Amino acid sequence: MNFFSILMLIIAISFLYYVIRSINKNSFLFANAALWLVVGIVLILFSLFPSIPNFLATLFGFQLTSNFLLFLAVFLLILLAFTQSIQLSKQKTQITALIQELSMMRSKEKEQSKDDK
């Protein structure tokens, strides 16, 4: 193993440790962290077996392994942005529904307090 592989392995293990620690501290939901756990495991595999990204790059028709890894990183980030956009849209819909429900409850309370007087 060369210096770069060892450095990549240390960084990947540290990254995986940080993600798992964040899950245990409840500062990161497991559903959101699952993708990062997979990324950490893939990084460890790529650092232990550098022939895997070379093989995959050749398999998918990339001339350079670095081009394949860059493509993979961009694809992962686009996928992450898309899933977060979906989550954000759902949360905005839920917030709107909660605000409407709260407004109706407050309106009913005001009507009841007027009727009681």
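**Entry 1: overall form**

I start with the radius of gyration, which is taken over C-alpha atoms; the globule rule is 2.2 Å times the number of residues to the power 0.38. For 117 residues, a compact globule would come near 13 Å, but this chain has 24 Å. I also looked up the box along the principal axes: the C-alpha atoms fill roughly 80 × 30 × 15 Å.

A note on the source: this is a predicted model, where local features need pLDDT of at least 70 and side-chain atom pairs count only at pLDDT 80 or more, while totals for chains, interfaces and linings use all residues. Residues are numbered from 1 along each chain as its sequence is written, and side-chain values use heavy atoms, with hydrogens and water left out.

**Entry 2: confidence and elements**

pLDDT is the predictor's confidence in each residue, from 0 to 100. I read a chain mean of 91, with 99% of residues at 70 or more. Where pLDDT is low, the predicted coordinates should not be read in detail.

I take helices (H or I, at least four residues) and strands (E, at least two) as DSSP runs, numbered from the N terminus. I find 4 helices and 0 strands. Along the sequence the pattern is α-α-α-α.

My classes are buried (under 20% relative accessible area), exposed (over 50%) and partly exposed (in between), with a 1.4 Å probe and protein chains only. Buried residues are 15% of the 117 in the chain.

Isoleucine 44 sits in helix α2. Its relative accessible area is 17%, so isoleucine 44 is buried. I checked two C-alpha distances from isoleucine 44. Leucine 29 is 15 residues away in sequence and 22 Å away in space. Phenylalanine 15 is 29 residues away in sequence and 9.9 Å away in space.

I also looked at asparagine 26, in the loop between α1 and α2. Its relative accessibility is 71%, so asparagine 26 is exposed. Most residues other than glycine have a negative phi. Asparagine 26 has a positive phi, near 60°.

**Entry 3: aromatic rings**

A pair of aromatic rings is described by the distance of the centres and the angle of the planes. Rings of Phe, Tyr and Trp (its six-membered ring) pair if their centres lie within 6.5 Å; planes under 30 degrees apart are stacked, over 60 edge-to-face, and the rest tilted. I get 5 aromatic pairs by this rule.

Why is the pair of phenylalanine 15 and tryptophan 36 edge-to-face? The ring centres are 6.1 Å apart and the planes stand at 75°, so the pair falls in that class. This pair links distant parts of the chain: phenylalanine 15 in helix α1 (residues 3–24) and tryptophan 36 in helix α2, 21 residues apart. Phenylalanine 15 is partly exposed, at 27% relative accessible area. Tryptophan 36 is partly exposed too, at 21%.

Phenylalanine 62 and phenylalanine 71 make a tilted pair, 5.5 Å centre to centre with 40° between the planes. Phenylalanine 62 is partly exposed at 26%, and phenylalanine 71 is partly exposed at 47%. Both belong to one aromatic cluster of Phe60, Phe62, Phe68, Phe71 and Phe75.

**Entry 4: pockets**

On a 1 Å grid over the protein atoms alone, a pocket is an open set of points where a 1.4 Å probe fits, with protein on both sides within 12 Å along at least five of seven lines; lining residues have an atom within 4 Å of a point. A volume is the space filled by probe spheres set on the points.

The largest pocket holds about 470 Å³. Of its 20 lining residues, the closest to the centre are Val42, Leu43, Phe46, Leu69 and Leu72. Helices α1, α2 and α4 (65–116) each supply at least two lining residues. α4 gives the most, 8 residues.

I class Ala, Val, Leu, Ile, Met, Phe, Trp, Tyr, Cys and Pro as nonpolar, Asp, Glu, Lys and Arg as charged, and the others, Gly among them, as polar. The largest pocket's lining has 17 nonpolar, 3 polar and no charged residues.

The second largest pocket holds about 160 Å³. Its lining includes Phe28, Trp36, Leu80 and Gln87. Here α2 and α4 each supply at least two residues. The lining splits into 5 nonpolar, 4 polar and no charged residues.
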